[in-house]
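Please look over the model below before reading on. My notes follow as numbered points.

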Amino acid sequence: MSERRPYVRRQSRLWWASRTYRGYTLRELSGVGVAVYGAVLLAGLDSVRRGPDAYAAFVGWLSTPVAIVLHLVLLAAMLLHGLTWFQTLPKTMPRLIVGGQAVPQKTITNAAIGLAMLCSLALVIGALS
Amino acid sequence: MADRDRLTIELWILRYRPAQDEEPHFVSYTVTYTEEMSVLEALQSIKDEQDGSLSFRWSCRMAICGSCGMMIDGTPKLACSTFLRDLAPGPVKIAPLENFPIERDLVVTVADFVKKIESIYPFIMPKETKPVEAGEYLQTPAQMAAYEPFSDCINCMLCYAACPQFGANPDFIGPGAMALLQRYNGDSRDAGSRERLDLIHGEDGVWSCTAVGLCSEACPKLVDPANAVNQNKTNSAFDFFLRGLRKENHS
Amino acid sequence: MTRPPKRTIAPIFWLLFGAGGMLSALFGTGLVIVTGFLLPASPPSYQAAAAILHNPLAGLVALATIPLFFWHGAERLFLTLKDMRAGPRPLLALISYGAAAVGTLVTILLIFLMEFGS
């Protein structure tokens, strides 16, 4: 009756795809999108270095359906990355105590997202002017 | 009360009796329940009326002892503060806490967790001990606010069941023990931060964490263990780069 | 007392990951809108584009941004592949961090050529 034989359950190899962890896996992959976008930036930079023809080809490629879809995906990835990044931010710092009370994590997240919107907006306005 | 409808719900309970069963398997039980009945009460009614061999841990019935943690429809919860009305119409799947070995039915092995808790010096280590006559170690409300939620942990281990990195690496110190560590490292009366941090710089320390964050969502006491782990990841990284600058003062 | 456990070099990759993550979280969305949608809609002349990029300051910004984006993605790729148990850990690290390292070297080389080349 008192036999002890603990049963160890194996973690599923596909745990990262389960409903519970899907959001986390998507968040991680959005970060891979950041690197893919880095490669696009590098290609554009290099096209300018190589001269007018290469630059024209790069700009032409940007208007192809493939490039547009890619950039829509990258835009979604950047948005997801930015949102989740600032949701995680308050977890990485000590509890912020102001006037004897802890600042809610939501406040920190919202302030950082506001700052990010300003930064991105500044880039867009700078490019348009 | 008397004329309220008697509702029934089906519970699928993962059973494992080490003397008889090769491996765990689900067994179905149907219980009648009322609006205010918890999962724990349903388990107790099964044990009383249907199958006395069903094993599960419980004590306080009011979400303070941390004994009755289990997977309820795939989510780690305290059975005493989870209500059948929220799970209707069912069937409800009830299993022992994920990521832990099963001792018997819904009872899991806690020995490793207890060892982790003990390993992080879970007591205040004052800079210098003073005699009782010298009075208390004083603390302002703001100093207390810096660590107070981390002291609310009830060791229910729901955060470990929510953590896939603990599932992948059972030696990972994990969210609960890190919350306790931060409870002391964040305490203004304590001077043991260095010793505790030195325990968690390794692969099985904070660096197994990938900031999934579900430990904090699982926590029934709003301890926010993800905060404890990740702020110490920052601390551990600082220490990694700046350790050359710090004065070594241990013998 | 037991000896403290061995340190890992994870903080190095974590720092690069964090820097790239912060930069892209702040500016990434705006950057993608500018280079992915505004630029092809009304492309600046080659002379204008070249003038901007030949400015050493632009070179420095690119030098900081692009490799950090690579290191951010590399950390997340490595951890995701590890989560997926896609192979032995040293191999996964080599693929992920190796790609970021190569990308960093290429970026440095190209920017050097652009700023100091003919």
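1. A polar contact is a pair of N or O atoms within 3.5 Å; within protein, one must be able to donate a hydrogen and the other to accept it, and residues adjacent in sequence count only if both atoms are side-chain atoms. The side chains of A:Arg27 and A:Glu28 make such a contact, at 2.8 Å.

2. This is a predicted model, where local features need pLDDT of at least 70 and side-chain atom pairs count only at pLDDT 80 or more, while totals for chains, interfaces and linings use all residues. Residues are numbered from 1 along each chain as its sequence is written, chains are lettered from A and ligands numbered from 1 in the order in which they are written, and side-chain values use heavy atoms, with hydrogens and water left out.

3. Is A:Arg27 buried or exposed? A:Arg27 counts as buried because its relative accessibility is 7% (buried means under 20% relative accessible area, exposed over 50%, partly exposed in between; 1.4 Å probe, protein chains only). Among the residues that A:Arg27 touches are A:Leu80, B:Val212 and C:Arg76 (contact means heavy atoms within 4.5 Å).

4. A:Glu28 forms a salt bridge with C:Arg76, with the closest N and O atoms 3.5 Å apart. The rule finds one salt bridge across the interface of chain C and chain A (a side-chain nitrogen of Lys or Arg within 4 Å of a carboxyl oxygen of Asp or Glu).

5. How many residues of chain C are in contact with chain A? There are 48, and they meet 49 residues of chain A.

Methods: Lists of a residue's contacts leave out its neighbours within four places in sequence.
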